[in-house]
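Take a slow look at the fold before reading on.

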Amino acid sequence: MPIVSTQHMDVAAGSLPTHQLLNVDGKRIPDEELDHHLKDLKEADLADFLRDMVVLRRMDNEATALQRQGQLGLWAPLLGQEAAQIGSVRATNDDDFIFPSYREHGVAWARGVQAEDLLSVWRGAQASGWDPNEVNIACQQIVIGSQALHAAGYGMGIKFDGGEQVSVAYFGDGATSQGDVSEAMVFAASYQAPVLFFCQNNQWAISEPVALQSRTNIADRAHGFGLKTWRVDGNDILAVYAATKAALAHARHGLGPTFIEAVTYRMGSHTTADDPTRYRKSEQLEEWKAKDPIDRLVKYLHEMGADVQSYEQRAQNAADEMAAKLRAAITTMEDPKVEELFTNVYAEPHEPTERAAKNYLDYLAEFEGGE
């Protein structure tokens, strides 16, 4: 198999603009298309965004440390993607149903999933840490891109039932190379289902750059399926929030599915089993540090003349409280019993599964009391 060089593979500019409402210095940039979606945002809402992102970053740091300490089996960091997650999920309605990938920890937390319940899955103590019907968010999906099909099917169901909700699928840039995502967009477009496909383009599909899999912007590819599409600066929480509001309104009013490409950067590793220094340059990391979403919002609050110190202290207090509760829960969490591996495989009693459970328990029993 020939080796493909990516040295000179630059993603084409594409036809869609990249919306930015806050630049890296925290200066507000007018946007004729999206500005009116911010009209109801108050300073208190921005303070909540800051709190959410600070808590989320602390959760990510704590989870990474807990994995290094042997308390978690694995963790998928989201450092740098806080605005893309918080800005989008805070734009949804409570009854919109969300289908996340394995990195949308902030989306789950913002929907009401407790941090300890979220991390219990990564510890291996639970097969799923929450009831999706209680918080209208499915459990995290490890299989790349398959949640897009689930979201498309759910959106078709909403349309058939005459509902006003929107089905939301989150995935990364790498997932757009999976057939499931393309098929999901085909079905959603064919049925004009109320679905929002939200792509966090964090520049890396594990160790492969986005330029290797897409010769054009990802948003342009989605546009080709007939979806109303936006491309936004994913480190700009105002742009993410406004575009998500626009996309949800479009889908909610029966105008068909939508797609958002949030251009951001995965500052950490793909997972805690990954070493990103083997495939990316430190200069690129430094470039994206200057685009930090939390710093950008803080600068904007200063521009507004807000009491930033009190907002930062409030956010830090919330992060400390979450971290203390999280560590207390994780470090005292009981390991699951062996027989629980078979408990929820099927909703109804299933004789082959029951037989498999008995056989396995009998096998383990052979080692009890032996030398």
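Begin with Arg-221, which sits in helix H9, residues 218-223. Keep in mind that this is a predicted model. Is Arg-221 buried, partly exposed or exposed? Its relative accessibility is 28%. Buried would need a value under 20%, and exposed a value over 50%. Arg-221 therefore counts as partly exposed.

What does Arg-221 touch, once its neighbours within four places in sequence are set aside? The contacts are Thr-176, Gln-213, Ser-214 and Thr-216. Look at Thr-176 in particular. Arg-221 and Thr-176 are 45 residues apart in sequence. In space, their C-alpha atoms are 9.1 Å apart.

Phe-197 stands opposite Phe-259 in E8. Phe-198 has Ile-260 in E8 as its bridge partner. E3 also pairs with E4 in the parallel sense, over six bridges. Here Gly-172 has Gln-200 in E4 as its bridge partner. How does the chain get from E3 to E4? It crosses through helix H7, residues 179-191, and this β-α-β crossover is right-handed.

Which way do the side chains of E4 point? In a regular strand, side chains alternate between the two faces of the sheet. In E4, Val-195, Phe-197, Cys-199 and Asn-201 point one way. Leu-196, Phe-198 and Gln-200 point the other way. Both sets are buried. E4 is thus mostly covered, with seven of its seven residues buried.

Helix H10 has 16 residues, 237-252. At 1.5 Å a residue, H10 should span 22 Å. The expected span uses one less than the number of residues. The end C-alpha atoms of H10 are 22 Å apart, which agrees. H10 is mostly covered too, as 13 of its 16 residues are buried. Look at its two ends. Asp-236 caps the N-terminal end of H10, with a side-chain oxygen 3.0 Å from the backbone nitrogen of Leu-238. After H10 comes Gly-254, whose phi is positive, near 75°.

Finish in a loop. Gln-141 lies between helix H5 (132-135) and helix H6 (146-161). Why does Gln-141 count as buried? Its relative accessibility is 19%, and the cut-off for buried is under 20%. The side chain of Gln-141 reaches the backbone nitrogen of Val-143 at 3.0 Å. A polar contact of 3.3 Å also joins the side chains of Gln-141 and Ser-146. Beyond its neighbours within four places in sequence, Gln-141 is in contact with Pro-100, Ser-101, Tyr-102, Ser-146, Gln-147 and His-150.

Technical notes. Residues numbered from 1 in each chain as written. Predicted model: local features only at pLDDT ≥ 70, side-chain atom pairs only at ≥ 80, totals over all residues. Heavy atoms only, no water. Pairing = 2+ DSSP bridges. Helix = DSSP H or I, 4+ residues; strand = E, 2+ residues; numbered from the N terminus. Buried < 20%, exposed > 50% of the residue type's maximum accessible area, 1.4 Å probe, protein only. Right-handed = clockwise from strand over helix to strand, strands pointing away. Polar contact = N/O pair within 3.5 Å; in protein donor to acceptor, adjacent residues only side chain to side chain. Contact = heavy atoms within 4.5 Å.
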